[in-house]
Amino acid sequence: MHSEYMKRALDLAKAGLGRTSPNPTVGCVIVKNNQIIGEGRTADGGRPHAEAVALERAGQQAKGATAYVTLEPCSHHGQTPPCARRLIDAGIKHVVVACEDTNPQVAGDGIRMLQDAGVQVSTGICAQQAKALNAGFFLRFSEKRPFITLKMALSADGKIAASGGAPIQISSDQSIAHMHRNLRATHDSILVGMETVINDNPRLTVRHVPEENVHILTHVVLGDPLRFPDDSHLRDREGEAPLLIYKTHNLTEVLEDLALNHGLTRLMVEGGAQVMQSFLNAGLWDQIYLYHGSAIIGDDGVKAPDFTSVKNYLSETQKIGDDRLDIYTRQA
């Protein structure tokens with residue numbers, strides 16, 4: 001049953017994607033006598049941690065129970081006590097860990113703390129799924145950048161906008177809803193170029209999800225701050241949603257700042273064409289979502305970036321109404 005309980009913990013953690021940065025999203029399930037007595041995920045904003053939530057729900061029953069955790073329990077004192085210590089103090093006898101935490105402040109110390117206290121520890125259950133779930137958190141330490149998703153809608157004739165960059169709906173309403181539920185709702189930040197801000201005046205919000213799943217994305221814009229429109233919707237929401245504007249064209253510097261100084265773990269890149277091409281040219285992406293619509297824009301439309309270099313990474317194709325979604329995935 002180890003894998004079944006861990007899969008439940010992973011489902012809990014998945015619900016926190018894009019909502020827990022700078023912390024990872026973690027799920028915890030506490031089991032006693034083959035019954036789940038407490039469970040939880042890392043709360044929005046990163047606290048309380050999953051273990052604390054699950055232990056609170058389990059109460060005194062936690063003594064002698066088994067805890068399934070999707071990531072090694074933390075061992076360091078931050079704004080809250082170490083989760084490894086919480087598990088020990090609650091009398092947990094066995095902790096099943098999906099994967100170790102690569103954060104230098106943990107890096108195996110959580111497991112050692114549990115073992116030194118006499119707690120049995122098992123590792124590696126559903127490890128690959130757990131690592132993939134928190135890929136952005138791990139990338140902050142290994143590559144000093146967030147997990148990067150490129151997203152773009154293309155017309156049937158390979159265009160992304162009308163003449164002069166004028167916005168036009170390319171994807172169906174079904175595809176737009178799919179994008180919000182599966183991409184914007186699972187990322188903590190979204191990036192566009194200054195031309196997109198000027199031409200589209202986007203809001204970059206999360207929609208088409210239940211109200212409890214709506215969260216605020218950090219807005220990232222590449223371009224000259226002096227060109228930023230005063231009447232931009234992003235400017236109107238600046239007090240509510242963080243707004244970061246980078247004049248530099250050095251993507252490595254931008255991504256490092258987002259990851260290390262702003263704690264962002266999952267970045268969604270929406271365009272426009274030049275920005276998207278710069279990420280493609282630099283090979284800075286982990287997954288790509290291309291929504292193909294059926295509309296014809298014509299020769300005067302804005303041509304899509306060149307996605308030829310990623311064609312061998314196609315991992316999945318879906319039919320969404322009359323649209324087609326191609327997903328490209330680069331394995332870590």
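Tutor: A salt bridge is a side-chain nitrogen of Lys or Arg within 4 Å of a carboxyl oxygen of Asp or Glu. Keep in mind that this is a predicted model, where local features need pLDDT of at least 70, side-chain atom pairs count only at pLDDT 80 or more, and totals for chains, interfaces and linings use all residues. Residues are numbered from 1 along each chain as its sequence is written, and side-chain values use heavy atoms, leaving out hydrogens and water.

Student: What makes arginine 145 and glutamate 143 a salt bridge?

Tutor: Their side chains meet at 2.9 Å, N to O, and the cut-off is within 4 Å, so the pair qualifies.

Student: Why is arginine 145 called buried?

Tutor: Buried means under 20% relative accessible area, exposed over 50%, and partly exposed in between (1.4 Å probe, protein chains only). Arginine 145 has 9%, so it counts as buried. Glutamate 143 has 46%, so that one is partly exposed.

Student: Is aspartate 286 buried or exposed?

Tutor: Its relative accessible area is 10%, so aspartate 286 is buried.

Student: What makes arginine 19 and aspartate 44 a salt bridge?

Tutor: Their closest N and O atoms are 2.7 Å apart. Arg19, Arg41 and Asp44 are even linked in a network of salt bridges.
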